Amino acid sequence: MKMKRYINKLLLLFLVVSAASCSNDFLEQQPSDRPTEDVLFNSVEGAKIHLNGLYSLQNYYYGEGTRGILIPAVMGDDALVISSNNYTRYVNEYRYNYTVESSRAYNLYYYSYRTISNANLFLSQIDGIEGNETEKNDLKAQALSLRAFAYFSLVRWFGETAYTDDPNGRGVPINTTVNSLDGYNIPRSTVGEVYEQIVSDLTLAEQLSQPADYKGYIDASAVAAIQARVYLTMGDWQNASKYAKKAYAGFSLIDEQTYLSGFNSTNSEVIWEQRFVDNDTNIFLSIPSFTYTSGNITYGDNNGDGVVDGNDVNAGTPGAEFVFGYNSLRVTEYFIELFEDTDFRKKMFPVNLDPDGNRIGDVSPDKTYAQYGAADGYLTTKYKSVSSLGTGDFPRIRASEMYLIEAEAEANLGNTAAAQSALLTIKQRADNTVASVTLTGQDLLDEIYLERRKELFFEGHRFFDIKRLDQDLDRTLSDKDHWSDFTNNDISNDPNIIPRNSVSKRFCLPIPQDEINANEALTDEDQNEVYK
């Protein structure tokens, strides 16, 4: 045995996660970060307490709650971390500077397996609880979905290959049991085997889940949405389109005013969301903290003169009043200019000068878009808090994503008209001057990929899209904003480009060394190749 098992501190009744309670036993069979089983599993209400704990783990900053959403952006080409005043948060991720001891990789690994361990326990007990079978089945569906979502995150982060490139590549260990074992011996499964487990869990969840109005939990539509994401990542176009359409059925796309209000409340487009209230937030470690600006600044052509400029700005809004939190994640000017001036989404990037020529930002008067606190990257108002910092209902999955999945899947199936129609739905919502989509073949696919970048930025997709599509990470076109240099630490031979994953194997995180030490089935040879 390589390592004695640690005993975690018990968490509070609702499994509120404490970073201090981390252990090195990621796959431990009997999770200890929970109340006792006689409390949790003597009734359906007790089971709900356990399930709330699973959602708390999902929403936690160090796991999927914030970092799992923002890291894919800063590891892409459209977003960056400011080079100063950044508190070192997201810097190593942005520069691909990971080691086997990296806490950032460790935490993503740890909290996903904590979710899995607690889901395993829940699933081993729920059938034996007395209560309404429909209600129990719905709770079971949620636990299955959370486990599937955790494995989906793990295999995309830590799997050495993308499924569409090589399903036989090294994935992550699979554990679905709660046996009390003195240590564990679980090898890495292949990427394909992990996806088999994900699909199996979601298929059963689909059979058991129920519709619901509350979007903080996974209901039948959310199960379908996760299935659509998974099948898209697998290149299973038929099922990707099928489940995307099932997921967005009954949902309507939001209008411009709602879209620009800060993605912080439930609306007709949200399929699944993270919900935070005043006494239960990630505060300075929340999504708005890293991207936050207030709404009291220009959103575009407010005076109707056909030009977005300083004359559109609320003159009473100096920069210090609209920046709060870390505010250290920005977008590139190249990315902003991907949006047409007639696209209302471009209003999420404030311009720099007020009508009197005073700067909204505090850096340079000759910049078109506003900066604050650093001379690289530009502000975005995509996310805002409702009241105190970090409060709000932030989307995990929106109906717009499902239309884009449908479009990509149908295009790959050769159903051009269906793909054009789905893409037009998203483009036309954002820009009413778009009358049609006429592109075909690869041009159509490229336009769909571009629309995903614009519609879903800072929602947890860009890095994973680059990986699954086997594209180079290329920051050349926006290198005037990017300050990463991939020649440092031998990441790449080019300062702005990391070759596609099938060549470089760079689009994965290291298996934490603590896991290799603790898991008897693993040795240093089981580490992802670029981290050996």
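## Exercises on a predicted model

Among contacts in the protein chain between residues at least 6 apart in sequence, those joining residues at least 24 apart make up 72%.

**Exercise 1.** Find how far strand β4 is covered, and state which strand is joined to β4 by 6 bridges.

*Solution.* Begin with the chain as a whole, which has 20 helices and 8 strands, and in which 61% of the 532 residues count as buried. Next, turn to β4, which spans residues 270–276 and has 6 of its 7 residues buried. Then look across to β6, residues 392–398, which is joined to β4 by 6 bridges in an antiparallel arrangement. Finally, locate Trp-272, which stands opposite Ile-397 in β6.

**Exercise 2.** Describe the largest cavity by its volume, its lining residues and the elements that supply them.

*Solution.* The structure holds 4 cavities of 30 Å³ or more, and the largest has a volume of about 180 Å³. Its lining consists of 18 residues, of which Arg-156, Tyr-195, Thr-233, Phe-464 and Arg-468 are the closest to the centre. The elements giving two or more residues to this lining are α7, α8, α9 and α18, and α18 provides the largest share, with 4 residues. Sorted by class, the lining of the largest cavity has 8 nonpolar, 3 polar and 7 charged residues.

**Exercise 3.** Identify the residues closest to the centre of the second largest cavity.

*Solution.* This cavity holds about 140 Å³ of space, and of its 15 lining residues the closest to the centre are Asp-78, Arg-453, Phe-457, Phe-458 and Arg-462. At least two lining residues come from each of α17 and α18.

Technical notes: Residues are numbered from 1 along each chain as its sequence is written. This is a predicted model: local features need pLDDT of at least 70, side-chain atom pairs count only at pLDDT 80 or more; totals for chains, interfaces and linings use all residues. Side-chain values use heavy atoms; hydrogens and water are left out. Buried means under 20% relative accessible area, exposed over 50%, partly exposed in between (1.4 Å probe, protein chains only). Contact means heavy atoms within 4.5 Å. Two strands pair if DSSP finds at least two bridges between them. On a 1 Å grid over the protein atoms alone, a cavity is a set of points where a 1.4 Å probe fits but cannot get out, and a pocket is an open set with protein on both sides within 12 Å along at least five of seven lines; lining residues have an atom within 4 Å of a point. Grid points are joined across faces, edges and corners, and a volume is the space filled by probe spheres set on the points. Ala, Val, Leu, Ile, Met, Phe, Trp, Tyr, Cys and Pro count as nonpolar, Asp, Glu, Lys and Arg as charged, and the others, Gly among them, as polar.
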